[in-house]
Amino acid sequence: MKLAYYPGCSGEGTSKEYDVSTRAICEALGFTLTDIDDWSCCGSTPGHSLDHALSGALSARNLALASTMEADCVVTPCPSCLSNLKHAKHRMEDPAFKAKVDELLDEPTPALPEPYSVLQVIVEKLSMEEIAAKVKKPLKGLKVACYYGCLMVRPPKVMQFDDYENPMSLDNLLVALGAEVVPFPLKTECCGASLGVVDKEVTSKLSGRILERAKQFGANCVVSACPLCQMNLDLRQSQAEEAMGQKFELPIFYYTQLLGLALGLDDSALMMNKLVVSPHALLKSLDAPAEAVAPEAKAEPKAEDKSDEGAAS
Amino acid sequence: MRIGIFVCHCGSNIEATVNTAAVAKKSLEYPDVVFATDTMYTCSEPGQDSIVEAIKEHQLDGVVVASCSPRMHEATFRRTVQRAGINPYMFEMANIREHVSWIGKDKDANTNKSAELVLLASEKLRNNRPLFPQQFDVTKRVLVIGGGVAGIQAALDCADGGIDVVMVEKTATIGGKMAKLDKTFPTIDCSSCVLSPKTVDVSQNEKITLHAYSEIESISGFVGNFTVKIRKKSTYVDWTLCTGCGSCIEKCPSKKNPDAFNEGIGTTTAINIPYPQAIPKKATIYADVCRKLRDGKCGVCAKVCPTGAIKYDMVDEIIEEQVGAVITATGYDQMDWTQLGEYGAGKLPDVVTGLQYERLLSASGPTEGHIKRPSDGLEPKSVVFIQCVGSRDKSIGRPYCSGFCCMYTAKQAILTKDHVPESQSYVFYMDIRAPGKMYDEFTRRAMEEYGTEYIRGRVSTIQPHIRPDGVVGYMVRGADTLLGQPVEIDADLVVLAVGVEGAQGAAQLAEKLRISYDQYGFFMESHPKLKPVETNTAGVYLAGVCQGVKDIPTSVSQGSAAAAKVMALFSKPKLQSDPQIAFVDIKRCIGCGKCITVCPYQAIKEVSFRGAPKAEVVGTVCQGCGLCNATCPQGAIQVAHFTDNQLLAEVNALCQF
């Protein structure tokens, strides 16, 4: 299956490991990714906070480029990009909105293709049995809290994916990979998103709550599908720990990293060392014989700089 | 023939968009029309009197009124012309209100269409013949379907009035939802103590025959003469021998079955009596969970039964009852709230429904009246009540208010404080709807005397979490729309005021009774204001929540009202049948029998006429639906007042090329 790929800006920086692992697992699962030539930023949060038409034009430009490619569909790994792309496509149905976008782009916009998340394509095009059959290294010993973030399934009318109260696609995927999924009531809670830039207290508390609840329900790691969520939970974990007055030491994986790990991909394709809260002790314990698996993996000293300045995006 | 035309203004309802005077003038050109006029309100007393006068003055022998729908006033005007000595079937109505003035704004077009509809009616009238009703006997027994408080009241009132009553109840006991309630608002009376004298009366009244654990199989016939087939579901216990001693229940080894009477809170045995005051107090075996009936191994209840009442080989029995009227009082069920993900979709153990909470409060409930939450038996100190769960929510297609939840939630908040004085209750509400006698005062008491905190706003999510002491709590997050900020409450227990809908199986029953029902399973009354107890099927009446949401006093009132309707019906020595029924032209009938197969009422039988088979209509059974008429290849079977010739006259009047 041929997919037109919209990487999103963070894939080139803060979520390099998400981009690299996404490309690797797509190849392993038989999806051919082709980058949209000359793609540009979707406008992100500043774009749509300022002007819907501006955000729509930025997204429409990328979708219009994708429409010229020979691809089965357009995908992006980033839920925030996806939300902008989908909202643009949705809003373009209104002729008045389309007129504004056409003016901004200096030409009439062609009919736009529907964008999807990489996750949706994987779970809808492949059955869980097919995926389980490809697993070389089952993720036995991982107790995962699946965190979808607020954008992946909401608003339901626009996103059109999974149950917006209790999504299960990541849960089902991780079970197929051999991991244990813990009940997790905060699947779609807000992590604080980009408020971390202007008011880190809010983000610390919201992310802290997510991490606290994951820990309470017995998770030894969290899996995410969003670069911004992952950053808030991982890079800012020490801030959250401070706000909540407790230690979490929970590795925060991209689902693509765990999928790649289970498929037996090389670490160069997973880039586990990019994670701030080190997952190595936990991952090491997976390799150990079953009876020796420690219930709680001890985190190694953090190697990366996790100052606030580094988080601004 | 001499026809008179009366074109009604209906105040401004018709006159505003139809030139009625022009319609009257135009109709004078129609064949046989000798008089035409327009009137302000034809249905008013002066309006009717003017028809009577015109009939006498102009020697009319047929009348057309162009006004509203025949469903509104056909009966009125038939009586009017009868008063002036004309047969009531020598009257026709042209509907120029619902079919013209209310739906079109173009006055010229409306006037034109009205004139054509008047022509259509008068052409039909020219083909009309006087018709005369037959008289028939009435079976003075009434069937009451449903043994909740509305049905009980209807049955007792009918019995008081000297009428024999057949009561059919789906479950093994009467009492309905009211029997499950702990207390009633606004008096905090013990619900079962108020109800049980009435249930006992039902069992002791000689005029009432109770068929519990039974359902309606089919109903045929017509007002005054219904034949009802009742399926007495197998209880596997001979109720004539069972004394209700309870030995079987004590010894039954299959103990872990969900308790339907307790709304799934707690467990019960495979053989049981629903609750201590059950009527009839007889044991029933539930086959799906009985070890003997499922696996063939057990038989303990038969061994311990002192009267030998257990009959494992019992099968369903169909019995037949003859009645003259039917009262439906089938009540309600809660909507399927497990489709609502924001409240945990039924997966959180300590999120319960209002009815479940009643059982937790009740002394005869699974916790003997001590409030203990289902998951771990903890006595809750913080209880959150959420209103309008599946009510007033257009986004899930349930726009209506469930009526009594505001009140029972206030009651439950008060009772919570009574049971656990150190507890705090919170109520998330949209509006407080407390319009009954002493109702608003009651909700005030919940707030002011019992310290219940009312928060105006909706709940977005209920999230379990583990408190530092290891106890599971439920974070209820919502909006306080009065303060304009989010609120979060850490609850021990959450109670949902789940919206109500027509009882399960209501639609199927409605089809058997040939009455209408809406998309939520509520039965349709004949008129929303003026005939709230009647249905459009003669002899079938409604009582209680089956017709629409209402609380206990209103359900009881409607039960009495339905009984009064039945007594009025039965007070006549004989009933008159509608003469608009099928009849057979025996010369044209070829005896093919097609009409017999399509008749839904079994109103046509085959007879032999000089050796040839012919169809014959049983006049009292025929409902005049016309299926036979449409099916007959010979046009031999016709419906009086709707004959082929009469309908063709209408078509010809409209289609003039």
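Two residues are in contact here if their C-beta atoms, placed from the backbone, lie within 7 Å. With that in hand, the interface comes first. This is a predicted model, and in it 7 residues of chain A are in contact with 7 residues of chain B. On the chain A side, the residues that touch chain B divide into 2 nonpolar, 2 polar and 3 charged.

Now chain B as a whole. Chain B has 657 residues, and 45% of them count as buried. Its secondary structure comes to 18 helices and 34 strands. The C-alpha trace of chain B spans about 95 × 70 × 45 Å along its principal axes. As for the contacts in chain B between residues at least 6 apart in sequence, 69% join residues at least 24 apart.

I will take one pair, domain 2 and domain 5 of chain B. The contact between the two draws 4 residues from domain 2 of chain B and 5 residues from domain 5 of chain B. Which element gives the most to the domain 2 side? That is strand S11 of chain B, residues 214-222, with 3 residues. By class, the domain 2 side that touches domain 5 of chain B has 1 nonpolar residue, 3 polar residues and no charged ones.

Next, a hairpin in chain B. Strand S24, residues 459-466, pairs with strand S25, residues 472-480, in the antiparallel sense over 7 bridges. Within that pairing, Thr461(B) stands opposite Arg477(B) in S25(B). The hairpin has 5 residues between the strands, and Gly470(B) takes a positive phi near 90° there.

Ala193(A) sits in the loop between strand S6 (180-181) and helix H10 (195-198) of chain A. Is Ala193(A) buried or exposed? Ala193(A) counts as buried, because it has 21 C-beta neighbours inside 10 Å and the cut-off for buried is 20 or more.

Arg514(B) lies in the loop between helix H14 (506-513) and strand S29 (540-542) of chain B. Arg514(B) has 16 other C-beta atoms within 10 Å, so it is partly exposed; that class lies between 12 or fewer, for exposed, and 20 or more, for buried.

Last, the cis peptide bonds. Where in chain B is Pro186(B) placed? Pro186(B) is in the loop between strand S8 (183-184) and strand S9 (189-190) of chain B. The bond into it from Phe185(B) is cis, with omega near -5°. Another cis peptide bond joins Ile279(B) and Pro280(B), with omega about -5°. Pro280(B) belongs to the loop between strand S15 (271-272) and strand S16 (284-285) of chain B.

Terms used: Residues are numbered from 1 along each chain as its sequence is written. Chains are lettered from A and ligands numbered from 1 in the order in which they are written. This is a predicted model: local features need pLDDT of at least 70, side-chain atom pairs count only at pLDDT 80 or more; totals for chains, interfaces and linings use all residues. Ala, Val, Leu, Ile, Met, Phe, Trp, Tyr, Cys and Pro count as nonpolar, Asp, Glu, Lys and Arg as charged, and the others, Gly among them, as polar. Helices (H or I, at least four residues) and strands (E, at least two) are DSSP runs, numbered from the N terminus. Two strands pair if DSSP finds at least two bridges between them.
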